[in-house]
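Dear colleague,

I am passing on to you the structure below, together with its sequence, and after it you will find an account of what turned up when I went through it. Please keep it open beside this message as you read.

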Number of protein chains: 2
Amino acid sequence: MTDAAPRRGRGRPSRTQTEAGPATRDRILEAAREEFSERGYEKTSVRGIAKSAGVDSALVHHYFGTKEQVFEAAIEVAFAPALDAPEMVLKGSLDGIGERLTRFFLGIWENPTSRTPLLAIVRSAVHNDTAAAVFRRLVVAQVMRRVADRLDVPDGELRVELAAAQLVGIAMLRYVIKVEPLASVDMERIVARVAPVVQGHLTNP
Amino acid sequence: MTDAAPRRGRGRPSRTQTEAGPATRDRILEAAREEFSERGYEKTSVRGIAKSAGVDSALVHHYFGTKEQVFEAAIEVAFAPALDAPEMVLKGSLDGIGERLTRFFLGIWENPTSRTPLLAIVRSAVHNDTAAAVFRRLVVAQVMRRVADRLDVPDGELRVELAAAQLVGIAMLRYVIKVEPLASVDMERIVARVAPVVQGHLTNP
């Protein structure tokens with residue numbers, strides 16, 4: 001995703017602007033990630049992203065297209081660790097998949113660096129239909145479906161989604177709404193109770 | 001909650017304004033519910049609520065106090081069915097509590113009339129710390145804690161929260177983000193898979 005080739009020609013930036021190449025593209029992406037994190041999808045504008053990156057709006061359009069497309073690219077970067085999940089979670093026996101998935105998911109949320117962009121994505125997806133659609137495309141297609149394929153059982157997709165619902169709900173109550181005692185309890189106590197539930201959703205008859 | 005007695009004297013409305021009594025208070029509350037539902041917590045103002053109810057802002061302050069307090073009162077109304085949950089869910093044997101809780105929770109979300117204000121609350125709570133605090137006070141104190149008391153087991157509150165997390169996650173993926181197939185699948189198929197999980201969280205050793 002560091003390819004400097006323009007996705008869209010819209011705005012046709014001048015030669016001086018495009019010369020900056022990959023570094024500028026990355027700077028825009030970083031600015032977009034910060035703007036979306038701070039303001040959420042609705043309040044973020046292409047103009048604001050451009051200003052924060054120190055470039056012209058036309059250049060943002062040139063590299064990414066519409067605001068929705070900038071958002072999708074920014075989410076992809078923020079989600080990069082989660083998109084690697086399937087490989088880590090799927091290798092190894094099906095017996096341990098519940099615990100691996102639970103640890104992986106909570107691990108991403110426990111780390112403040114990966115938590116911030118995730119929070120921004122969740123907030124945007126809850127608030128805005130366009131952001132929700134981007135979330136569905138990325139997470140469902142790239143993560144959930146791959147887990148479902150590995151299971152190779154009837155209702156695989158529904159099972160994966162119910163397991164995901166258990167984990168998403170914990171993220172909501174622990175990290176977003178901050179309900180006690182769940183917000184402060186040691187992660188291992190959650191893993192002990194939740195890994196078998198996730199496992200059950202995925203592999204119980 | 002239809003008592004017309006002022007919570008706060010702020011703004012001191014004139015005699016003509018207060019004469020309206022309970023009907024006015026209810027009208028303000030209804031306007032508040034609609035404004036918060038449509039705009040979310042952050043974008044809603046006391047002034048906007050007053051305008052929509054056809055009263056002076058001072059009267060809103062007179063009956064409810066601050067914006068946070070109007071929000072709490074509006075949530076209480078929207079949540080009235082959920083606040084009745086403990087009684088319905090708690091009577092009967094502990095064996096069936098997982099299924100009763102699951103059916104009750106999904107039932108509220110399946111009904112468009114009760115879903116709309118719930119969605120507004122969730123959106124606001126995800127987006128705004130003040131709204132999240134109101135959510136915690138109401139839902140945790142009034143619903144979760146009463147279920148935990150009924151269980152009378154060690155870790156009762158954590159158990160209830162993990163069960164709630166399973167249900168909240170389903171609400172997020174089915175009704176908010178609308179992930180397929182979960183968004184369209186018949187409710188009974190969800191109950192069949194989820195009621196035992198909720199039951200396990202609450203009563204398994």
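Predicted model: local features only at pLDDT ≥ 70, side-chain atom pairs only at ≥ 80, totals over all residues.

As for how the chains meet, 33 residues of chain A are in contact with 33 residues of chain B. On the side of chain A that touches chain B, at least two residues each are supplied by helix H9 (112-127), helix H10 (129-151), helix H11 (156-176) and helix H12 (187-203) of chain A, and H11(A) gives the most, with 14 residues. Sorted by class, that side of chain A has 23 nonpolar, 4 polar and 6 charged residues. Because 100% of the interface residues of chain A are also interface residues in chain B, the copies meet through the same surface.

Within chain A, the domain assignment gives domain 1 (15-66) and domain 2 (80-203), and the C-alpha centres of these two domains of chain A lie 29 Å apart. Between them, 6 residues of domain 1 of chain A are in contact with 9 residues of domain 2 of chain A, and the side of domain 1 that touches domain 2 has, by class, 2 nonpolar, 2 polar and 2 charged residues.

The buried residues of H4(B) are B:Leu59, B:Val60, B:His61, B:His62, B:Tyr63 and B:Phe64, and just after H4(B) comes B:Gly65, which takes a positive phi of about 95°.

One residue of chain B deserves a separate paragraph, namely B:Pro117, which lies in helix H9 (residues 112-127) of chain B. B:Pro117 counts as buried because 20 other C-beta atoms lie within 10 Å, the cut-off for a buried residue being 20 or more. If its neighbours within four places in sequence are left aside, B:Pro117 is in contact with B:Arg33, B:Ser37 and B:Ala78. By C-alpha atoms, B:Pro117 and B:Ile49 are separated by 16 Å, and they are 68 residues apart along the chain.

With best wishes

Definitions and conventions. Residues numbered from 1 in each chain as written. Chains lettered and ligands numbered in written order. Helix = DSSP H or I, 4+ residues; strand = E, 2+ residues; numbered from the N terminus. Buried ≥ 20, exposed ≤ 12 C-beta atoms within 10 Å, placed from the backbone. Contact = placed C-beta atoms within 7 Å. Nonpolar A, V, L, I, M, F, W, Y, C, P; charged D, E, K, R; others polar. Domains from an automatic or database assignment.
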